[in-house]
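Dear colleague,

Please find the structure below, together with its sequence.

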Amino acid sequence: MSTSTAFEKARAEGRATLVGYLPAGFPDVAGSIAALRVMVEAGCDVIEIGLPYSDPVMDGPIIQAAAQQALDAGVRTTDVLRVVEAVAATGVPTLVMTYWNPIERYGVERFAQDLADAGGAGLITPDLTPDFAPDWIAAADARDLDKVFLVAPSSTDERIALTTAASRGFVYATGIMGVTGTKQATAAGVAPLIARTKATTDLPVGVGVGVSTGAQAADLASYADGVIVGSAFVRTLLGHPDDRPAGLAALAALTEELAGGVRA
Amino acid sequence: MSSTYDADTFGWFGGTGAFGGRFMPEALMAALDELDVAWRGAMADPAFTAEFERLLTDYAGVPSMLYDATRLADSPGVAGTGTRFLLKREDLNHTGAHKIRNVLGQALLTQRMGKTRVIAETGAGQHGVASATAAAYLGLDCTVYMGEVDTERQALNVARMQLLGAEVIPVKSGSRTLKDAINEALRDWVATVDETAYLFGTAAGPHPFPSLVLSFVRGIGDEARRQCLELTGALPDAVAACVGGGSNAIGLFAGFLDDPEVAIYGFEPGGDGVETGRHAATIFAGSIGVLHGARTYVLQDEDGQTVESHSISAGLDYPGVGPQHSALAAAGRATYLPVTDAEAMEAMALLARTEGIIAAIESAHAVAGALRLAKERPGQTIVVNLSGRGDKDMGTAMDWFHLGEAGEGA
């Protein structure tokens, strides 16, 4: 199922879409499935599952710590696909956010097929741009998978056009020039990028990187079609290392706050 | 001077999609394009290349000499093989390594682009020292990222960088070595790209860095080729260099790539021995993957997670390698072989005792490899890149050889 259906549904309700991220295998495989299901129940419209990677260039210390915890516990690419299958079974469009090397190593065709078989919607690729992605584009197109590429405040208009032309599902606009979980994005800061992106495509545009509160989500939702949150969810779970029920309760509360934000 | 082994305009070595490319966040694409345009423009501008050459000559002490190491050739085990070792003395450059060539080029380019701050990553610290030096000389702010493990084993170089006015940031994530310093520098760059240039320390990373770095260090090979012809009347039979990321090696190799009669050898850090798994022999024992922006040989597990490398030399302790080396290996133009920590340390001591030259442990890998070549194929003239001096490695040497106590030493 393409994530665009979730965006269309939200648009019909006159609101923005809430996209929630957690790395697979954090705090462990079963725990990540439980956490992601809580996020679905509490109001996430789209789920983004991180594939833990040893060298996450776009991630700040919070997500890197969670991913490293998953890797240290032995999480494998096949575990990520198991998490996808469990979350996609809820009916919510489920994407994998992944750095490129694990996919090359698994085999691009094989991963695309296994992702499709697991019910996954597609990939978000933070270190793969369309101009270096011919294999992925072909594999995704053959299976109707979403290709969510990123645009950044530094992108030229020409590169934005190149990126949106190759994207499917939605376009991921990075809210700040920086890595995840560091600075806060603002509507004033990201509005020009959203406008430049929308000038090239009818695809929905989601804003991620630098979003953590309901008020911020409300602010950004007036410009963007979707709000993408990652580090804040991870931070919430990291804050309850020894009390899983309390962690899940806090996660539900944060999701509800953000879901309220996109409806404000 | 271009070679048939150069990258195409998209940064691919060995054909589209083979090695190299640019696997990077979109946020950095504009900066990489800007760098590419600025670099090509600079290299085509006689005023820029003249200023670069002037700095190399007047400030860095380049061209470095090509030294005929006859005492090494007469050493036990090699004497009688008729081998001639010609050492390219990059250790005599200002700051003690080939790195100053690359950094002066990139720092001049930074000035030309109107940026005021440079960042760098460093392993052994030679690139960090060179970056801090060039920044001081050209009036740029400088921040150097260095794995926490490396700040401990290379404390002298940390102090040198600080004295030169650079801020040294110890990186505590991952393996706390060069690989993680690169990750952290890239994160800094994403957030500060408007005013900051990233002085990449080796001929690896996303396009155009492999080609850009080569353009600034290729003088090593061009000089060595000319000097060898002047000294011996012929080209060498072989050239040899150590390969971590591979900038000193690609600089030397570039001078000989289009001379098919010259054999090319890269010596990789074999650590405790490739069979132990504790090594950094990326081409010899790795597999093709994407790391730090390029498709190249990588040390990785079956899920594509980077495997931690090991080398006694902090400067070679890297699980990736420049993509041009991968392409040269795949094409069979160059041969990459591992040298263990023990072999390198033995060569370091031998060179010190026979020639009075204390080489960097990196460079000692190349010397060890050349000694092996001498025994395997007698009668060769081998150009060996002595890429750096060993002052920074004295702490490691003291531990290895139990030096600093009264007695005979190694």
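**Charges and aromatic rings**

In chain A, the charged end of A:Arg110 sits over the ring of A:Tyr106, at 3.8 Å from the ring centre. A charge counts as sitting over a ring if NZ of Lys or CZ of Arg is within 6 Å of the ring centre and within 35 degrees of the ring normal. In chain B, the charged end of B:Arg89 sits over the ring of B:Tyr67, 6.0 Å from its centre.

Please note that this is a predicted model, in which local features need pLDDT of at least 70 and side-chain atom pairs count only at pLDDT 80 or more, while totals for chains, interfaces and linings use all residues. Residues are numbered from 1 along each chain as its sequence is written, chains are lettered from A and ligands numbered from 1 in the order in which they are written, and side-chain values use heavy atoms, with hydrogens and water left out.

A search of the whole structure gives 15 aromatic pairs over all chains. Rings of Phe, Tyr and Trp (its six-membered ring) pair if their centres lie within 6.5 Å; planes under 30 degrees apart count as stacked, over 60 as edge-to-face and the rest as tilted. The pair of B:Tyr265 and B:Phe267 is stacked, with 6.1 Å from centre to centre and 10° between the planes. B:Tyr265 is buried, at a relative accessible area of 12%, and B:Phe267 is buried at 0%. Here buried means under 20% relative accessible area, exposed over 50% and partly exposed in between (1.4 Å probe, protein chains only). Ring pairs also join B:Trp189, B:Tyr198, B:Phe200 and B:Phe209 into a cluster.

**The sheet of chain A**

Nine strands of chain A form an open sheet with parallel pairing, in the order 5-4-3-2-1-9-8-7-6. Strands (E, at least two residues) and helices (H or I, at least four) are DSSP runs, numbered from the N terminus, and two strands pair if DSSP finds at least two bridges between them. The edge strands, each pairing on one side only, are strand 5 (146–148) and strand 6 (150–151) of chain A.

Which strands pair with strand 9 of chain A? Strand 8 (residues 205–208) of chain A pairs with strand 9 of chain A in the parallel sense over two bridges, and A:Val207 stands opposite A:Val227. Both faces of strand 9 (residues 226–229) of chain A are covered: A:Gly226 and A:Ile228 are buried on one side, and A:Val227 and A:Val229 on the other.

**Cavities and a pocket**

The structure holds six cavities of 30 Å³ or more. On a 1 Å grid over the protein atoms alone, a cavity is a set of points where a 1.4 Å probe fits but cannot get out, and a pocket is an open set with protein on both sides within 12 Å along at least five of seven lines; lining residues have an atom within 4 Å of a point.

The largest cavity has a volume of about 340 Å³. Of the 31 residues that line the largest cavity, B:His98, B:Lys99, B:Ser247, B:Gly315 and B:Glu362 are the closest to its centre.

The second largest pocket has a volume of about 290 Å³. Volumes are the space filled by probe spheres set on the grid points, which are joined across faces, edges and corners. The second largest pocket is lined by 18 residues, and A:Ser54, A:Gln68, A:Leu71, B:Gln305 and B:Thr306 lie nearest its centre.

Yours sincerely
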